[in-house]
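Hi there,

Here is the structure I promised to pass on to you. Have a look at it first, and then read my notes below.

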Amino acid sequence: MIETRPPLDDERLRSRMDPKLEPKLEPKPARALVPAAWLRPLANAPETARQIVDQVERIATEANRALESRTRIPPLWLSFIAFVIIPSFVASVYFAFFAADQFAVETRFAVRAIELEAVATPKGESAAFTFTPSGQNAYIVTSYIRSRAIVSDVLAKLDLRALYRRPEADFWARLRRNATMEQLTDYWQSMVETTVDANSSLVTVNVRAFRKEDAYALANAIVAASEALVNRISERARRDATAMAERDVRRAFEAVQATLSDLHKFRDEFGVIDPTLTGTEIGKLLAPLVAQKIKLESELFVAGHELSPDAPTVRVLREQLASAEKQIKELKSKLTSNDGARSSTSTVAGILAKFEELEVRKALAERFYALSKADLDRAQLRANRQSIYLTVFVPPAAPEISRYPHRLSYPLLIFLGFAIVWSIVVLLLATIEDHRL
């Protein structure tokens, strides 16, 4: 007789096939290639048949587990899909179907300092020009091109907000509506690229826009603004080089004017144009009187021996001699003052001393003014010998085709960037997990 057993349910079948598993640990039945319910009618079969049924159930369960492990995606690959594949796919779709064409205009110029030098030749001296690169000024121009200052200067000529909000621009690349000055400057920096060659001080400017004529107009505006900046730098350098010399000249000229004013007051006060000439004239008057005195003294000496003291001739000679001595004394008192009773400035000698002091001050002031003027001339000559020039050797040209965006390379770079970041994060997490173990 065939021994009958009660039919086995699903949980009992799984527990017989794998005793380690308990029904409570597997509340959700695994997906099976061959459902266990299909084998329940064979549960009442003979022992041999039941053994075959058990083997089939075990094989089916193992197949179910293998299938489930294959169909379930690991978390690592899920993170790769979420953080690398999906963003790269979105970027590819954007660059392929939505990104607007951008036209680029490139211009190149050099910032040079020209020095004028004197070169000796058989026929004399001639001027020679020396061109030297000006690296510092090249970086100044580059910084200016990427600053808010040039945005303000260009806005005076072009409507940048209208240029960067053309209908051709896509939603991502277009300038936002009612953009502030700071936002416009940030957008300008993203659309204008500058590079400087450190060895030759050559500046390369790349300008992008959504229309050909807009890119060309922007490039010309940048070149014009850069030339104006270089001219301002050159003019400022010349002013700084001559500012101190000009101040010295002004001070020396003011000193000369002050001495001339003092000399004018002196002449008005004493009524003398040149005390030297006055002294010379008094000397001319004094010389005949001295000679006359000597003559009268001689005649009086002779008459005194020949005539009596009361003789008319002797009296006349004495009177004439006294008159000559009085005149001589008066003239000498005008020249000098020996008794100290009269002021020194009332004599020719005192007036002459004051006049000579003023003349010395005037001569020193004029000499200082001449030296200051010579220094100013030399400073101006040095300033004029060195000037800064901006030479455009690759002028802007209107583009014919769009060069941006790179619809193939940009998505690839985005994919590589996300993949590298994802790899770094995964490696860091794995390293942290290893340290925990």
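Lys362 and Glu366 form a salt bridge, with 3.6 Å between their closest N and O atoms (a salt bridge is a side-chain nitrogen of Lys or Arg within 4 Å of a carboxyl oxygen of Asp or Glu). Both residues sit in helix H11 (residues 348-385), four residues apart, about one turn of the helix (helices, H or I, are DSSP runs of at least four residues, numbered from the N terminus).

Before you go on: this is a predicted model, where local features need pLDDT of at least 70 and side-chain atom pairs count only at pLDDT 80 or more, while totals for chains, interfaces and linings use all residues. Residues are numbered from 1 along each chain as its sequence is written, and side-chain values use heavy atoms, leaving out hydrogens and water.

The whole structure holds eight salt bridges. One of them joins the side chains of Arg148 and Glu182 (3.0 Å, N to O). Arg148 belongs to helix H5 and Glu182 to helix H7 (residues 181-191), so this pair ties together parts that are 34 residues apart in sequence.

Which residues of H5 (residues 148-155) are buried? They are Ile150, Val151 and Val154 (buried means under 20% relative accessible area, with a 1.4 Å probe and protein chains only). They cover an arc of only 105° around the axis, so they lie on the same side of H5 (the arc is that of the directions from the helix axis to the C-beta atoms).

Enjoy exploring!

Conventions: Buried < 20%, exposed > 50% of the residue type's maximum accessible area, 1.4 Å probe, protein only. Helix = DSSP H or I, 4+ residues; strand = E, 2+ residues; numbered from the N terminus.
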